[in-house]
Amino acid sequence: NSVVTQFDKDDVESAGLVKFDFLGLRTLTIIDWAVKHINKRREREGEQPLAIEEIALEDEGTFKLLQAANTTAVFQLESRGMKDLITRLQPDTFEDIVALVALFRPGPLQSGMVDDFINRKHGRAEVDYFHPDLEPVLTPTYGVILYQEQVMQIAQVLAGYTLGGADMLRRAMGKKKPEEMAKQREIFMEGAVERDVDKDLATLIFDLMEKFAGYGFNKSHSAAYALLSYQTAWLKFHYPAEFMAAVLSSDMDNTDKVVGLIEDCHKQNLEVRPPGINESVYQFGVHDPQTVIYGLGAIKGVGGAALDGIIEERETNGPFEDLYDFCRRNDTRKVNRRVMEALIKAGAMDALGTNRASLMASLNNAMQLAEQNQSAALAGQNDLFGSDDAPDEHANVHVVEVDDWEDEIRLFNEKETLGLYLTGHPIDRYEEELRQFTDCSLADVAGIAPMDTGGNGYRQRGKQCRLAGLMISLRTRKTARGGKMVTAVLDDRTARIEMTIFDDVNEQYGHLLQKDKLLIVEGAVSWDDFNGAWNMRAKTVYDITQAREHFSRCLEISVNKTRFNGDWSSTNITQQLTSVLQTYREGTCPVCVNYNSGTETTRLTLGDDWKIQPTDELLNRLQNLLSDEQVRMVY
């Protein structure tokens with residue numbers, strides 16, 4: 001029987017009742033979804049269904065995954081600090097995973113317990129059990145008192161405590177009440193001496209118990225968590241597509257999480273396809289062992305009712321043939337223009353037309369004809385006998401064929417409807433250049449655990465560094481002193497980080513702070529306890545043109561006869577280069593020209609009057625005149 005009470009836990013226990021904590025974990029749902037995906041595949045392949053509770057706990061592949069710290073999305077083991085601990089510990093048994101969960105807390109990390117545990121595991125330090133009778137108790141943790149249950153077992157083995165008495169000792173040590181501890185020390189010493197334990201040794205062991213009881217973790221809790229950690233690691237190793245689809249589905253409303261998870265899919269050589277109107281369901285799905293399909297439910301601006309109708313129609317009457325067929329078979333009151341535009345922008349309709357731009361251009365015609373036919377059907381004007389001689393409705397659809405959107409437009413539309421760039425990233429074209437400007441990627445910073453004070457140098461007071469990313473959000477508020485503080489989010493495809501720009505910096509660089517603009521930012525990175533994430537305090541901000549000017553030595557142009565898109569003559573080349581460069585003068589970046597006449601190469605450095613602003617537009621014009629290889633920034 002259970003009792004509902006408003007007493008707190010202490011009063012409940014004083015009344016003779018037992019308090020239970022029931023913890024609901026989303027991870028259980030993720031495992032359930034992953035297993036369902038897996039069993040669909042196993043059924044198709046004629047295999048027996050998977051029962052996750054029956055997997056072996058000694059799987060070699062799973063431990064290889066753990067030892068490589070490939071633990072993104074693995075329960076309790078995915079933070080940067082935990083990954084560092086895993087790399088040092090190199091777990092090879094289930095007991096090691098149980099210990100990982102218990103060790104990764106401020107107490108053990110700061111007390112030296114973690115280093116002691118790792119050194120003993122790898123034979124770099126001697127294992128000491130203090131007393132022969134304690135060897136069975138402390139063997140799983142290499143002689144380190146790690147769990148609360150070990151404190152209780154030591155009291156039972158050495159001092160004859162009952163199980164209830166040992167639990168009272170554990171509570172007293174945890175609460176550190178001096179009067180109670182003095183009483184327990186006396187009981188422990190008397191019991192130990194009665195069992196022929198040396199008094200000095202008993203004192204040493206009690207002192208150790210008292211010291212580590214404050215750090216001790218409940219092993220039954222740790223073991224339950226470790227089992228979920230192992231199961232999720234096993235799923236990630238053996239069925240990565242099914243597992244990642246389940247994890248993505250659980251976080252599909254959290255764009256920041258989805259960005260990181262998709263990046264992890266790429267690291268596992270998994271393809272993440274855009275949503276497909278003929279194959280996607282509401283959640284993320286699996287196409288094959290190496291392919292995850294985006295869920296329709298993750299598309300912004302498409303409601304659940306519209307998706308339910310689309311999926312039901314597809315499952316009842318088969319795949320949609322083209323855009324008109326889609327419009328004709330769905331209720332346009334629910335699946336309206338806004339919904340269809342979102343589906344096209346997200347890539348969900350790619351299978352129904354030549355390209356996304358053509359689908360968008362044809363949408364008017366397809367919707368009008370579909371609405372006419374639906375109205376006619378409702379009015380009873382459809383062919384009474386279903387004659388085969390009825391006109392082909394598709395013949396009346398005017399399909400508009402146009403060139404596809406430029407990458408920039410396609411990616412912008414994906415960002416608008418999916419919350420992220422899926423088939424690429426605006427930053428991709430700058431990737432090589434940004435390596436010249438920055439110290440690391442955002443993922444290198446965002447993944448560091450706040451308690452990790454190792455060799456990385458990121459501490460509470462902050463570390464100076466230079467980062468780059470797209471500004472995807474921007475908000476301004478007044479400070480207590482009447483100034484302005486800007487908070488923005490940078491995204492470089494690998495991760496996101498929040499950036500704070502105070503009034504003095506904002507006055508100097510505020511004109512650069514624009515949404516969807518690529519910025520290179522210098523500043524201090526620190527842990528924000530309130531938000532539970534890393535934050536950068538900006539000091540200097542550059543756009544891509546300014547960064548090129550600041551960090552480059554020159555713009556180098558190589559001209560040769562075989563790669564020039566015009567009449568080959570020194571006069572013609574000079575005229576065309578002059579025409580292109582003229583508009584971008586008054587910058588600070590020198591221009592160097594390598595001129596190959598066919599017999600020899602001459603290097604020219606143009607004068608200060610021809611120093612330019614190396615904008616994207618200039619580089620594009622030069623590359624169109626010559627080629628990508630003949631135009632480059634030298635850093």
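## Confidence

The mean pLDDT of the protein is 88. A score of at least 70 is reached by 92% of the residues.

Where pLDDT is low, predicted coordinates should not be read in detail.

## The barrel

Five strands close into a barrel, in the order E4-E5-E6-E8-E7, with mixed pairing. From one strand to the next, the twist averages 50°. Strands of a sheet pair through backbone hydrogen bonds, in either a parallel or an antiparallel sense.

E4 spans residues 463-478 and E7 spans residues 518-528. The two pair in the antiparallel sense, over eight bridges. Within this pair, Ala-468 has Ile-520 of E7 as its bridge partner. Helix H24 (residues 544-551) lies across E4, E7 and strand E8 (533-543). H24 runs at about 70° to E8.

Strand E6 covers residues 496-501. Is E6 mostly covered or mostly open? Mostly covered: five of its six residues are buried.

E6 pairs with strand E5 (residues 484-491) in the antiparallel sense, over six bridges. Val-486 stands opposite Ile-501 of E6. With E8, E6 pairs in the parallel sense over three bridges. There, Glu-498 faces Asn-535 of E8 as its opposite residue.

## The E5-E6 turn and Thr-494

E5 and E6 form a hairpin, with four residues between them. Arg-493, in the turn, has a positive phi of about 85°. Thr-494 lies in the loop between the two strands.

Is Thr-494 buried or exposed? The relative accessible area of Thr-494 is 17%, below the 20% cut-off, so Thr-494 counts as buried. Its contacts, leaving aside neighbours within four places in sequence, are Glu-263, Ser-441, Leu-442 and Ala-443. A polar atom of the Thr-494 side chain lies 3.2 Å from the backbone nitrogen of Ala-443. The Thr-494 side chain also makes a polar contact with the side chain of Asp-492, at 2.6 Å.

## Helix H20

Helix H20 runs over residues 407-418. Its twelve residues, at 1.5 Å a residue, should span 16 Å.

The buried residues of H20 are Arg-410, Leu-411, Asn-413, Glu-414, Lys-415, Thr-417 and Leu-418. Gly-419 follows H20 and has a positive phi, near 85°.

## Helix H14

How many of the residues of helix H14 (residues 240-250) are buried? Eleven of eleven. They run from Pro-240 to Ser-250 and include Phe-243, Met-244, Val-247 and Leu-248. Glu-242 and Ser-249 are also among the buried residues.

Helices and strands both contribute to the cover over H14. Among the helices are H2 (26-44), H13 (219-238) and H15 (255-267). The strands include E2 (285-288) and E3 (291-293).

Methods: Residues numbered from 1 in each chain as written. Predicted model: local features only at pLDDT ≥ 70, side-chain atom pairs only at ≥ 80, totals over all residues. Heavy atoms only, no water. Pairing = 2+ DSSP bridges. Axes fitted to C-alpha atoms, helices over the stretch in contact; angles between N-to-C directions. Contact = heavy atoms within 4.5 Å. Buried < 20%, exposed > 50% of the residue type's maximum accessible area, 1.4 Å probe, protein only. pLDDT = per-residue confidence, 0-100. Expected span 1.5 Å × (residues − 1). Polar contact = N/O pair within 3.5 Å; in protein donor to acceptor, adjacent residues only side chain to side chain.
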